[in-house]
Amino acid sequence: MFANNTRNIVRGSFLQRCKSTLVVAEHNNETLNPLTLNTITAAKKIGGDVTVLVAGTKCGPASEAVAKVEGVTKVLVAENAAFKGFTPESLTPLVLAAQSQFKFTHILAGASAFGKNVLPRIAAKLDVSPISEIIDVKSEDTFVRTIYAGNAILTLKSKDAVKVITVRGTNFPPAATSGGNGAVEQAPAGDYASSLSEFVSQELTKSDRPELTGAKVIISGGRGLKSGDNFKLLYDLADKFGAAVGASRAAVDAGYVPNDLQIGQTGKIVAPELYVAVGISGAIQHLAGMKDSKTIVAINKDPEAPIFQVADIGLVADLFKAVPELTGKL
């Protein structure tokens with residue numbers, strides 16, 4: 001009996017040492033996307049060494065920032081013209097090359113458009129099942145995620161040798177950006193140019209307001225605003241709070257605002273300190289993207305609107321009267 005117990009203890013210690021996670025960083029070459037810090041926290045909760053892959057063009061500033069993040073053991077840097085635009089067709093073979101060399105047990109990225117583009121390809125190449133949008137880590141092989149548009153919670157145990165996971169950042173605090181001393185080294189070299197796609201250009205919307213996924217206050221509008229011009233009511237209110245402005249899918253589909261403002265299951269997942277829903281009925285798709293907000297305020301003239309079921313504060317009123325009055329009192 002004593003001999004068997006000894007073998008079990010040794011085996012457990014060996015597995016603990018072998019755990020290692022690769023986090024695929026999202027950045028703009030100069031600064032990290034905050035979601036990467038949340039993903040690093042999830043990686044630390046899994047246990048073992050945490051390696052971060054920074055791929056781009058002239059991405060030295062981003063890699064230096066990652067090396068200082070608390071809990072990061074190693075930073076792999078890959079600078080190549082092929083990574084311009086961060087296309088998944090060029091990043092996938094890089095991650096696979098890193099996996100082949102270092103044999104990570106877990107590969108993580110944030111559950112953003114970037115992560116959702118890259119990680120399913122990696123999972124397919126590794127012949128494993130991707131695990132999407134986890135909200136908690138129970139152990140190295142057991143994770144929690146939402147299903148049915150957030151109406152049910154699933155605890156999932158993966159038997160795959162490599163766990164490929166996207167992380168919902170709103171459920172993990174950001175890792176500290178100082179206190180770390182990760183070793184910086186070059187990622188595996190190779191020709192990562194893709195013949196399948198080519199990055200041409202991008203046009204970014206410039207705004208003085210906070211980015212939606214990192215904002216502490218969000219003012220969000222729905223179909224009840226009736227037109228894009230009426231979103232000015234929300235912009236004026238947001239200016240008082242120093243807030244970001246979001247929208248429901250109905251408002252985006254109606255053409256009131258661009259789709260980068262969409263909050264919901266098929267948009268952005270947010271969890272601000274204060275979420276003000278104006279003229280939003282509260283469809284399941286929208287609730288899935290914002291119901292983790294700390295305080296939810298709803299303004300809607302329909303007292304039966306589903307949004308009131310999740311709201312901490314509800315105001316049954318005509319938004320065209322209530323919002324200007326609220327703005328005027330701030």
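Colleague: Where is the place of K103?

Modeller: K103 sits in the loop between α4 and β4 (106-110). Those labels are DSSP runs, numbered from the N terminus: helices are H or I with at least four residues, strands are E with at least two. Before we go on, this is a predicted model, in which local features need pLDDT of at least 70, side-chain atom pairs count only at pLDDT 80 or more, and totals for chains, interfaces and linings use all residues. Residues are numbered from 1 along each chain as its sequence is written, and side-chain values use heavy atoms, with hydrogens and water left out.

Colleague: What is the phi of K103?

Modeller: Its phi is positive, about 55°, although K103 is not a glycine. F86 also has a positive phi of about 55°, and F86 is not a glycine. F86 lies in the loop between β3 (74-79) and α4.

Colleague: Does K103 count as buried or exposed?

Modeller: Read the relative accessible area: buried is under 20%, exposed is over 50%, partly exposed is in between, with a 1.4 Å probe and protein chains only. K103 counts as exposed because its relative accessibility is 56%. F86 is at 22%, so F86 counts as partly exposed.

Colleague: How many helices and strands does the chain have?

Modeller: The chain has 9 helices and 14 strands. Its radius of gyration is 22 Å, close to the 20 Å that the globule rule gives for 330 residues, so the chain is as compact as a globular protein of that length. That radius is taken over C-alpha atoms, and the rule is 2.2 Å times the number of residues to the power 0.38. The C-alpha trace spans about 75 × 55 × 35 Å along its principal axes.

Colleague: What percentage of the 330 residues in the chain is buried?

Modeller: Buried residues make up 47%. The chain exposes about 16800 Å², and carbon and sulfur atoms supply 51% of that. Accessible areas come from the Shrake-Rupley method with a 1.4 Å probe; for residues, only the protein chains shown count as cover.

Colleague: Which domains is the chain divided into?

Modeller: Domain 1 covers 20-186 and domain 2 covers 217-329. The bounds come from an automatic or database domain assignment. The domain centres, taken over C-alpha atoms, are 31 Å apart. Where the domains meet, 7 residues of domain 1 are in contact with 8 residues of domain 2. Contact means heavy atoms within 4.5 Å.

Colleague: Which residues does T39 touch?

Modeller: T39 touches V23, L108, A109, G110 and V167, not counting residues up to four places away in sequence. T39 is in helix α2 (residues 34-46). T39 counts as buried because its relative accessibility is 1%.

Colleague: Now charges. How many salt bridges does a search of the whole structure find?

Modeller: Side chains of opposite charge can pair when their charged atoms come close. A salt bridge here is a side-chain nitrogen of Lys or Arg within 4 Å of a carboxyl oxygen of Asp or Glu. The search finds 10. One of them joins E89 and R121, with the closest N and O atoms 3.6 Å apart. E89 lies in helix α4 (residues 88-102) and R121 in helix α5 (residues 113-126), so the pair ties together parts that are 32 residues apart in sequence.

Colleague: Which side chain meets R168 in a salt bridge?

Modeller: E133 does, at 2.8 Å from N to O. This pair links distant parts of the chain, 35 residues apart: R168 is in the loop between β8 (163-167) and β9 (183-186), and E133 is in strand β5 (residues 131-139). R168 is buried, with a relative accessible area of 10%. E133 is buried too, at 14%.

Colleague: Which salt bridge partner does K138 have?

Modeller: K138 meets D136, at 3.8 Å from N to O. Salt bridges that share partners join K45, D136 and K138 into one network. K138 is exposed, with a relative accessible area of 54%.

Colleague: Last one. Which residues form a nonpolar patch on the surface?

Modeller: F241, L326 and L330 do, with about 240 Å² of accessible area together. Patches are made of residues with over 30% relative accessible area and no salt bridge; like charges are joined within 9 Å, nonpolar side chains (Val, Leu, Ile, Met, Phe, Trp, Tyr) within 5 Å. F241 is in helix α6 (residues 232-241). F241 is partly exposed, at 33%. K240 is also placed in helix α6. K240 touches T327 and L330, not counting residues up to four places away in sequence.
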